[in-house]
Amino acid sequence: MAHGKYLTYAGYLHLDELLSLQREQSGEDGDPEHDEMLFIIIHQVYELWFKQLLHELAFARDRMGADDMPRLLHTMGRILTILKVQVHQLDILETMRPLEFLAFRQRLEEASGLQSYQFRELEFILGHKRTDVFDRYPAGSDARRRLESRYGEPSLWAAFLRFLHARGYAIPAEDLERDVTAPTEPSAGVRAALIRLYREDPQLVQLCERFVDLDEGLQEWRYRHVKMVERTIGARPGTGQTGGAAYLRTSLNRPVFPDLWAIRTDL
């Protein structure tokens with residue numbers, strides 16, 4: 001065979017390596033705490049889904065550049081399905097009661113979900129760009145390089161505006177030519193184009209509504225994350241000197257596609 005050996009299921013998925021990556025810190029000086037395995041696996045699975053979301057969002061952005069509406073709609077549907085799975089994973093994490101988490105929490109030391117560079121990449125590709133994120137990652141590190149690269153790419157929304165412009169919608173030049181490192185901002189001119197779109201083009205409305213579904217799903221995930229943290233550690237500070245649930249609440253109700261919400265009043 002071309003592979004030089006018989007390719008097995010375990011070999012294709014690198015199962016030996018994959019299943020060796022769940023290493024409980026609480027087992028270093030005794031028996032590991034039972035629930036730490038669940039905590040590790042849930043977060044590793046989240047990172048795998050983040051990787052897939054980045055893969056799909058970049059593909060969706062490319063499909064807009066190619067004016068490939070069928071594949072674009074299909075890809076957006078897959079993204080939404082993955083996001084639903086991520087929300088439901090919190091149901092599993094919430095089976096861990098507060099004392100069960102506290103039994104190994106101190107072993108996390110400075111580790112915090114806020115250090116997930118893939119989640120920050122997701123924020124960047126969705127248009128929530130800011131430079132303070134870089135402070136958590138050493139200059140020259142792989143994580144920093146990935147974030148800097150993603151920071152310099154057009155967001156999904158920027159690609160969407162160019163997609164609409166190519167289809168004949170009057171997107172203001174200042175919105176088309178905005179610095180790709182700038183965060184998404186509301187635009188009266190874009191809203192005017194979207195209102196026209198909603199009244200004239202049912203297929204593009206379908207795409208816009210999938211964007212709204214994505215935005216709503218992200219807000220649902222943030223809300224469920226806050227409630228899970230409150231349920232598990234209450235008002236305690238988060239790991240890594242973060243603000244815990246109080247900090248996470250500041251991210252609630254922050255749309256990534258504000259113009260798609262704003263037009264509801266004017267349609």
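Q: Which side chains meet E200 in a salt bridge?
A: The partner of E200 is R196, at 2.9 Å from N to O. A salt bridge here is a side-chain nitrogen of Lys or Arg within 4 Å of a carboxyl oxygen of Asp or Glu.

Q: How many residues apart are E200 and R196 in helix α10?
A: They are 4 residues apart in α10, which is about one helical turn. Helices (H or I, at least four residues) and strands (E, at least two) are DSSP runs, numbered from the N terminus.

Q: What should I keep in mind about the model and its numbering?
A: This is a predicted model, in which local features need pLDDT of at least 70 and side-chain atom pairs count only at pLDDT 80 or more, while totals for chains, interfaces and linings use all residues. Residues are numbered from 1 along each chain as its sequence is written, and side-chain values use heavy atoms, with hydrogens and water left out.

Q: Back to the pairs. Where do E123 and R120 lie?
A: Both are in helix α6, 3 residues apart, or about one turn of the helix. E123 counts as buried at 5% relative accessibility, and R120 counts as buried at 3%.

Q: And R97 with E100: what is the setting there?
A: The R97 and E100 side chains meet in a salt bridge at 2.7 Å, N to O. R97 is exposed, with a relative accessible area of 56%, whereas E100 is partly exposed at 22%.

Q: What about D201, and where does it lie?
A: D201 lies in the loop between α10 (188-200) and α11 (202-233). D201 is buried yet has no salt bridge, and the nearest side chain of opposite charge, R167, is 4.5 Å away. For charge, Lys and Arg count as positive and Asp and Glu as negative; His and the chain ends are not counted.

Q: Which residues is D201 in contact with?
A: Leaving aside neighbours within four places in sequence, D201 is in contact with R167 and Y169. Contact means heavy atoms within 4.5 Å.

Q: New topic: how many cavities of 30 Å³ or more are there?
A: The structure holds 1. About 240 Å³ of space lies in the largest cavity. Of the 19 residues that line the largest cavity, F119, L122, L126, L218 and R222 are the closest to its centre. A cavity is a set of points on a 1 Å grid over the protein atoms alone where a 1.4 Å probe fits but cannot get out, and lining residues have an atom within 4 Å of a point. Grid points are joined across faces, edges and corners, and a volume is the space filled by probe spheres set on the points.

Q: Which element gives the largest share of that lining?
A: It is α11, with 6 residues.

Definitions and conventions:
Buried means under 20% relative accessible area, exposed over 50%, partly exposed in between (1.4 Å probe, protein chains only). On a 1 Å grid over the protein atoms alone, a cavity is a set of points where a 1.4 Å probe fits but cannot get out, and a pocket is an open set with protein on both sides within 12 Å along at least five of seven lines; lining residues have an atom within 4 Å of a point.
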